[in-house]
Amino acid sequence: MSSHRSFDVEGRIALVTESSRGIGFALANGLAEAGAELLLNGRVRAALARSRDEIVKDTRATVH
């Protein structure tokens with residue numbers, strides 16, 4: 001999926017902190033698009049659930 005070999009994360013697991021908004025969300029979404037399985041982390045459970053649902057809908061990645 002990734003266009004550059006040095007950023008090949010397909011099949012890897014990525015933990016992204018503060019992933020419910022802003023830069024953390026953008027990074028999580030990009031990693032999912034590149035083929036990583038995600039572990040989202042943040043303070044607000046409802047916001048994390050919304051982020052998870054959006055990332056899964058857009059990328060079909062596995063997101064926890």
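The questions below go from the whole chain down to single residues.

User: What kind of model is this, and what pLDDT do local features need?

Analyst: Residues are numbered from 1 along each chain as its sequence is written, and side-chain values use heavy atoms, with hydrogens and water left out. This is a predicted model, in which totals for chains, interfaces and linings use all residues, side-chain atom pairs count only at pLDDT 80 or more, and local features need pLDDT of at least 70.

User: In what order do the elements run from the N terminus on?

Analyst: The chain has two helices and two strands. Helices (H or I, at least four residues) and strands (E, at least two) are DSSP runs, numbered from the N terminus. From that end, the order is β-α-β-α.

User: How does the radius of gyration of the chain stand against the globule rule?

Analyst: The radius is taken over C-alpha atoms, and the rule is 2.2 Å times the number of residues to the power 0.38. For 64 residues the rule gives 11 Å, and the chain is close to that, so it is as compact as a globular protein of that length. Its C-alpha trace spans about 35 × 20 × 15 Å along the principal axes. The radius of gyration asked for is 11 Å.

User: What percentage of the residues of the chain count as buried?

Analyst: Buried means under 20% relative accessible area, exposed over 50%, and partly exposed in between (1.4 Å probe, protein chains only). Of the 64 residues, the buried share is 34%.

User: How much of the accessible surface belongs to carbon and sulfur atoms?

Analyst: Areas come from the Shrake-Rupley method with a 1.4 Å probe; for residues, only the protein chains shown count as cover. The chain has about 4600 Å² of accessible surface. Carbon and sulfur atoms hold 50%.

User: Among contacts between residues at least 6 apart in sequence, what share joins residues at least 24 apart?

Analyst: Contact means heavy atoms within 4.5 Å. With that cut-off, the share is 57%.

User: How far apart are the mean positions of the positive and negative charges?

Analyst: Lys and Arg count as positive, Asp and Glu as negative; His and the chain ends are not counted. Each charge is placed at NZ of Lys, CZ of Arg, CG of Asp or CD of Glu. There are 9 positive and 8 negative charges, and their mean positions lie apart by 5 Å.

User: How far in space is I55 from A26?

Analyst: A26 sits in helix α1 (residues 22–33). A26 is partly exposed, because its relative accessibility is 48%. A26 and I55 are 29 residues apart in sequence, and their C-alpha distance is 9.7 Å.

User: Is S51 buried or exposed?

Analyst: S51 is a residue of helix α2. Leaving out residues up to four places away, S51 touches S19, S20, F25 and L40. Its relative accessible area is 4%, so S51 is buried.

User: What separates the C-alpha atoms of A61 and E37?

Analyst: A61 lies in the segment after α2. A61 is buried because its relative accessible area is 14%. Outside four places in sequence, A61 touches A32, A36 and V56. E37 is 24 residues away along the chain, and the C-alpha separation is 6.2 Å.

User: Which residues does V9 contact, leaving aside neighbours within four places in sequence?

Analyst: V9 is in the segment before β1. V9 is buried because its relative accessibility is 14%. V9 and G35 are 26 residues apart along the chain, with C-alpha atoms separated by 6.0 Å. The contacts of V9 are L31, A34, G35 and A36.

User: What is phi of E18?

Analyst: Most residues other than glycine have a negative phi. E18 is in the loop between β1 (13–16) and α1. E18 is partly exposed, because its relative accessible area is 31%. E18 is not a glycine, yet its phi is positive, about 50 degrees.

User: What is phi of R60?

Analyst: R60 lies in the segment after α2. R60 is exposed because its relative accessible area is 76%. R60 is a residue other than glycine, and its phi is positive, near 60 degrees.
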